[in-house]
Protein chains: 2
Amino acid sequence: MSETKLPLVEETIAKKALQTAYSRETSALIAKVRESSESINSLEDLWFLHDLLSTKRYEIDGKYTYNAATMVFDFADLVKQGWLSLEDLEGLNSTMRSKIAALAKM
Amino acid sequence: MSETKLPLVEETIAKKALQTAYSRETSALIAKVRESSESINSLEDLWFLHDLLSTKRYEIDGKYTYNAATMVFDFADLVKQGWLSLEDLEGLNSTMRSKIAALAKM
C-alpha cells in the first residue's frame with residue numbers, strides 16, 4: 001500500500017487527467033446521442049437508444065471517482081478505451097506511468 | 001363476458017383506433033426525445049432522458065395490444081391521456097362508447 005497515497009502535485013495531475021477523460025467520454029456520448037436522436041423514426045429506434053443509455057449509465061457510474069488505491073488500473077482502462085493518453089499523465093512518477101502503460105496493453 | 005367478442009366491423013374500428021393512438025403517442029414521444037436531445041449538455045441531462053425513456057418504455061409495453069376483454073378500460077385510458085377522442089371510436093356500438101366516455105371522465 002506504499003503507493004496508495006500520492007504526493008499532492010501528482011494527485012492534482014491525476015485528478016486533472018480524470019477530469020479530462022470524463023469530459024472526453026461525456027462529450028462523445030452526448031454527441032452520439034444527439035446524432036442518433038436525429039434518425040429516430042420508430043419506437044424500436046427509441047428503445048435502442050434507451051438500451052444504449054442503460055449500458056452507458058451502468059459503465060460510467062462511479063468510473064470517474066478518484067481512488068488512489070485503484071488508480072493504476074482505472075487509468076489503464078481509460079487509456080485502453082481511448083479517453084486518456086500517456087501524455088495526459090505526464091508529471092506522474094515514472095513507475096506508475098510504466099504500470100499504467102503496461103496494463104493498458106493487456 | 002357477453003361483450004368480449006365484437007362483431008368484425010367493430011373489431012376493425014377498434015384496432016384502427018388503437019393504431020391511431022399508437023401513432024400519436026409514438027410520434028409525440030419521438031418529437032419530445034428529439035427536442036430534448038438538442039439541449040443535452042451534461043451527463044445529468046442524459047440520465048434525465050434515460051429516466052424518461054425507462055418510464056415510457058414501461059408504460060407503453062403491451063399498451064397497444066388489442067384485447068377485446070379489456071378494451072373498454074384500455075380505450076378509456078387512451079381518451080383520458082389524449083391519444084384518442086370519442087370521434088375516433090365512431091362505429092363502435094353506443095353502449096361501449098358510453099362506457100368508455102364515462103370511464104374516461106373518472
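**Exercise 1. Find which glutamates gather in a patch of negative charge on the surface, and which helices supply them.**

Solution. Start with the members: A:Glu35, A:Glu38, B:Glu35 and B:Glu38 make up the negative surface patch. Patch residues have over 30% relative accessible area and no salt bridge, with like charges joined within 9 Å. Next, the helices: H1 (8–38) of chain A and H1 (8–38) of chain B each supply at least two residues of this patch. Helices here are DSSP runs (H or I, at least four residues), numbered from the N terminus. B:Glu35, for instance, lies in helix H1 of chain B.

A word on the model: it is predicted, local features need pLDDT of at least 70, side-chain atom pairs count only at pLDDT 80 or more, and totals for chains, interfaces and linings use all residues. Residues are numbered from 1 along each chain as its sequence is written, chains are lettered from A and ligands numbered from 1 in the order in which they are written, and side-chain values use heavy atoms, without hydrogens and water.

**Exercise 2. Decide whether B:Glu35 is buried or exposed.**

Solution. Recall the cut-offs: buried is under 20% relative accessible area, exposed over 50%, partly exposed in between (1.4 Å probe, protein chains only). B:Glu35 has 59% relative accessibility, so it counts as exposed.

**Exercise 3. Work out what kind of aromatic pair A:Tyr22 and A:Tyr64 form.**

Solution. Ring centres must lie within 6.5 Å, and planes over 60 degrees apart count as edge-to-face. A:Tyr22 and A:Tyr64 are 5.3 Å apart centre to centre with 85° between the planes, an edge-to-face pair. A:Tyr22 is in helix H1 of chain A and A:Tyr64 in the loop between helix H2 (43–60) and helix H3 (71–80), so the pair ties together parts 42 residues apart in sequence.

Notes. Patch = residues over 30% accessible without salt bridge, like charges linked within 9 Å, V, L, I, M, F, W, Y side chains within 5 Å. Areas by Shrake-Rupley, 256 points an atom, 1.4 Å probe, with all protein chains shown as cover. Salt bridge = Lys/Arg side-chain N within 4 Å of Asp/Glu carboxyl O. Lys, Arg positive; Asp, Glu negative; His and termini not counted. Charge placed at Lys NZ, Arg CZ, Asp CG, Glu CD. Phe/Tyr/Trp six-rings, centres within 6.5 Å; stacked < 30°, edge-to-face > 60°.
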